[in-house]
Amino acid sequence: MAGEIYLVPTDAEGAQRAGEDVTKWPLPVREPDGTLEPGAAIEPQAGTPIVLHDLDGLLDELGERIFLAEALEEDSGAATRARLVSETSWNLHEAARFALDCAEHVITAPDELRLPSGASLADILAEARARLDEEEQAGTGLLERISRLALARRLRHASDDVADLALLLTAEDEGEDLDALDDPHWTAVAAIRDAVLSAVEAIRHDALPRLFESENRRYEGDAGSVSPPSEIVSTPWGNFAAGGWAGVVPAFVAARDAAERARQAAADAGGQEAGEKERAWQRERLAAALGLR
């Protein structure tokens with residue numbers, strides 16, 4: 001509806017990807033007197049529609065940056081002219097914290113489910129949060145950047161421990177002739193691993209922003225292009241294509257995956273209604289991460 005406010009996820013430079021379509025949005029500008037000037041209005045170009053999201057739709061389309069957008073004109077319910085109004089408080093650290101919260105929300109008795117190392121899932125979640133907090137207090141010098149990479153490395157080892165637990169759960173499910181993807185414990189553990197990886201990538205991005213910014217753009221660009229044939233490898237985390245897309249998984253992508261796994265875990269445990277309730281909870285948590293609550 002014209003005049004209504006929506007949400008737009010973009011990369012670091014303001015490019016929004018929707019499937020194979022890429023829309024480069026003019027960004028809002030802060031004037032010398034402190035006032036915020038909205039970005040210039042855009043219209044659909046060369047068959048590329050304007051894609052605007054409500055809070056629910058954004059759950060499936062998280063980006064590195066997220067903006068508030070205004071629909072200025074519409075035709076048959078689709079925006080034909082829109083502009084970015086302002087940027088939300090979303091960043092990679094908020095993405096990682098959102099992911100950790102989503103994973104934690106669907107874990108029952110996190111102190112009881114233990115990793116092969118003896119640590120509990122509660123310990124892993126607490127460590128991830130502590131590493132994020134510690135990293136945010138670090139400086140910008142070379143030693144601080146090296147420290148960030150060391151933090152990320154330690155946290156990555158923790159995510160590997162979570163993966164080991166998933167392997168054990170997969171073996172148990174196979175022994176009972178169950179599908180791990182339908183096991184709420186397995187999907188909840190998978191959500192935790194995705195959340196921890198989101199924290200890892202947020203920290204690594206801060207340590208070497210230019211390198212990981214380039215990797216993020218490469219990842220998103222590959223995701224919308226035709227990939228060469230690749231080998232399908234079966235793992236406890238599902239089927240993956242080896243030799244296809246290049247680049248690391250960005251923090252916001254891992255956060256989106258963690259949220260999706262958490263909703264799946266809720267639905268596996270309590271049915272469709274529980275999954276919908278979990279999605280509603282995530283909408284509210286996402287609104288807080290965006291600074292809208």
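Analyst: Strand 1 and strand 6 run antiparallel and are joined by six bridges. Strands, like helices, are DSSP runs numbered from the N terminus, a strand being E of at least two residues and a helix being H or I of at least four; two strands pair if DSSP finds at least two bridges between them. The model is a predicted one, in which local features need pLDDT of at least 70 and side-chain atom pairs count only at pLDDT 80 or more, while totals for chains, interfaces and linings use all residues. Residues are numbered from 1 along each chain as its sequence is written, and side-chain values use heavy atoms, with hydrogens and water left out.

E70 is a residue of strand 6. With a relative accessible area of 17%, E70 is buried; buried means under 20% relative accessible area, exposed over 50%, and partly exposed in between, with a 1.4 Å probe and protein chains only. Apart from its neighbours within four places in sequence, E70 is in contact (heavy atoms within 4.5 Å) with G3, E4, I5, R81, A82, R83 and V85. Strand 1 is itself mostly covered, as five of its six residues are buried.

On to the other pairing of strand 6. Strand 6, residues 65–75, also pairs with strand 7 in the antiparallel sense, over eight bridges. Together the three strands form an open sheet in the order 1-6-7, with antiparallel pairing. Strand 1 (5–10) and strand 7 (78–87) stand at the edges with a single partner strand each, so one side of each is left without a neighbour in the sheet. From one strand to the next the twist averages 40 degrees. In a regular strand, side chains alternate between the two faces of the sheet.

V51 lies in the loop between strand 5 (36–37) and helix 1 (55–58). V51 and A78 are 27 residues apart in sequence, and their C-alpha atoms are 8.5 Å apart in space. Leaving aside neighbours within four places in sequence, V51 is in contact with V8, Q16 and A18. V51 is partly exposed, its relative accessible area being 25%.

Strand 2 (residues 15–18) and strand 3 (residues 21–24) run antiparallel and are joined by four bridges. Q16 stands opposite T23 in strand 3. Two residues lie between the strands of this hairpin, and G19 takes a positive phi near 65 degrees.

For the chain as a whole, the secondary structure comes to eight helices and nine strands. Buried residues make up 42% of its 293 residues. Among contacts in the chain with a separation of 6 or more, 70% are between residues 24 or more positions apart.

Methods:
Axes fitted to C-alpha atoms, helices over the stretch in contact; angles between N-to-C directions.
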